[in-house]
Amino acid sequence: MRAAVLHETGQDKLEVLDDVEAVGFGPGKVRVRVRATGLCHSDLSAMNGVLPQPAPFVPGHEGAGEVTEVGEGVTHVKPGDRVVICWLPACGACPSCKRGQTELCLAGFMNAGTPNFKRPGGDVFGFAGTGTFAEEVVVAAGCAVPVPDDVPFDIAALIGCGVTTGLGAALNTADVEAGSSVAVIGCGGVGISAIQGARLKGAAEIVAVDPVASRREAALGFGATKAVSPEELADAKQSVTAGEGFDYVFEVVGRSATARTAYDHTRRGGTLVVVGAGAMDDFLQLNMFELFFDEKRILPSMYGGGDVLRSYERTIALWRAGRIDLEGLITHRVPLAGINEALDQMRSGTALRTCIEI
């Protein structure tokens with residue numbers, strides 16, 4: 001089968017090969033024919049080494065497809081079912097799951113160290129234990145989450161990561177208060193989803209911050225009340241909040257510099273929500289006095305900060321009701337053979353989300 005492979009960490013191009021085989025099928029596993037997958041910034045971060053991932057590997061973790069085969073003991077899906085690939089499945093038995101913090105379950109991360117594919121040259125891993133830039137994947141049963149047949153594959157794919165992450169940051173982690181002021185730094189697919197979440201919660205002012213003009217323009221169509229470049233954020237803070245700072249600031253870039261900017265533009269007693277996935281050697285510096293004196297809440301948000309399965313269901317319900325726009329997030333489409341074009345669209349900021357149709 002065909003799959004896009006990164007041979008070595010640090011390379012900026014993927015090679016689409018036709019000699020890749022999905023491996024590991026057996027009890028407790030599901031074989032899925034991938035139909036659509038989104039390109040998430042985390043894929044780029046894994047390619048350049050910001051996020052740890054053994055190589056060679058097939059990127060992609062935001063996918064959807066149809067079940068072709070189920071292993072012994074799998075009863076929640078059957079061949080022909082439409083599924084979202086969940087890259088962080090909950091085991092249901094660990095301390096985090098028992099506390100109701102299923103997004104902190106480490107079982108899914110354990111999958112990342114086991115090869116999902118092989119080719120004549122040896123084993124190939126799947127990013128985050130999945131690897132959806134491939135025609136077929138074999139995943140643990142919990143990674144295959146059934147969705148109704150009326151949810152198109154491209155929409156279902158977005159729900160698998162970016163939309164769940166961004167919406168959840170606003171709805172679950174921050175629990176944005178109606179009438180509040182919000183700033184979102186970084187307006188790709190995840191940031192736009194955070195904007196939609198803040199709008200759903202009734203935020204009065206939502207300022208989108210991004211260096212790319214087309215993304216700023218798009219953000220206004222998804223619920224932002226104002227869109228500015230990073231250089232204009234200080235002026236927006238003054239005009240929107242009279243200089244006090246925003247009630248909530250979402251950092252959706254994954255860098256300490258933007259997290260520091262987000263902190264500085266959060267009002268005293270306000271909330272900074274860290275959504276972007278950054279590097280282990282990139283440190284955010286805060287002094288002990290400001291932590292004490294400003295009483296700002298710093299809330300990291302992992303995969304939307306809530307029960308993933310419930311978040312999927314909620315997202316589908318909101319989409320069906322016309323309360324959120326998911327179709328509009330897909331600004332570009334390419335076949336698997338054009339995957340490097342999709343990478344360029346992500347790096348340049350011209351795409352909110354590129355759908356790779358497989």
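Helices are DSSP runs of H or I with at least four residues, numbered from the N terminus. The close-up views below show a predicted model.

**View 1. Ser 45 in helix α1.** Ser 45 lies in helix α1, which spans residues 41–47. Its relative accessibility is 5%, so Ser 45 counts as buried, the limit for that class being under 20%. When neighbours within four places in sequence are left aside, Ser 45 is in contact with Val 50 and Leu 51.

**View 2. A nonpolar patch on the surface that includes Leu 106.** The patch is formed by Leu 104, Leu 106, Phe 109, Met 110 and Met 302. Together these residues have about 470 Å² of accessible area. Leu 106 is placed in the loop between α2 (95–98) and α3 (107–111). Leu 106 is classed as exposed because its relative accessible area is 53%, and exposed residues are those over 50%.

**View 3. The two domains of the protein.** Domain 1 covers 3–161 + 306–357, and domain 2 covers 166–300. Taken over C-alpha atoms, the centres of domain 1 and domain 2 are separated by 27 Å. In the contact, 19 residues come from domain 1 and 22 residues from domain 2.

**View 4. The interface between domain 1 and domain 2.** The size of an interface is often given as the accessible area lost when the parts come together. Between them, domain 1 and domain 2 bury about 1600 Å², with 59% of it on carbon and sulfur atoms. Arg 314, Leu 329 and Leu 352 supply 30% of the area that domain 1 buries against domain 2, more than any other three residues. The count of salt bridges between domain 1 and domain 2 is zero.

Terms used
Residues are numbered from 1 along each chain as its sequence is written. This is a predicted model: local features need pLDDT of at least 70, side-chain atom pairs count only at pLDDT 80 or more; totals for chains, interfaces and linings use all residues. Side-chain values use heavy atoms; hydrogens and water are left out. Patches are made of residues with over 30% relative accessible area and no salt bridge: like charges are joined within 9 Å, nonpolar side chains (Val, Leu, Ile, Met, Phe, Trp, Tyr) within 5 Å. Accessible areas come from the Shrake-Rupley method with a 1.4 Å probe; for residues, only the protein chains shown count as cover. A salt bridge is a side-chain nitrogen of Lys or Arg within 4 Å of a carboxyl oxygen of Asp or Glu. Helices (H or I, at least four residues) and strands (E, at least two) are DSSP runs, numbered from the N terminus. Buried means under 20% relative accessible area, exposed over 50%, partly exposed in between (1.4 Å probe, protein chains only). Domain bounds come from an automatic or database domain assignment. Contact means heavy atoms within 4.5 Å. Buried area is the accessible area (1.4 Å probe) that two parts lose on being put together, summed over both.
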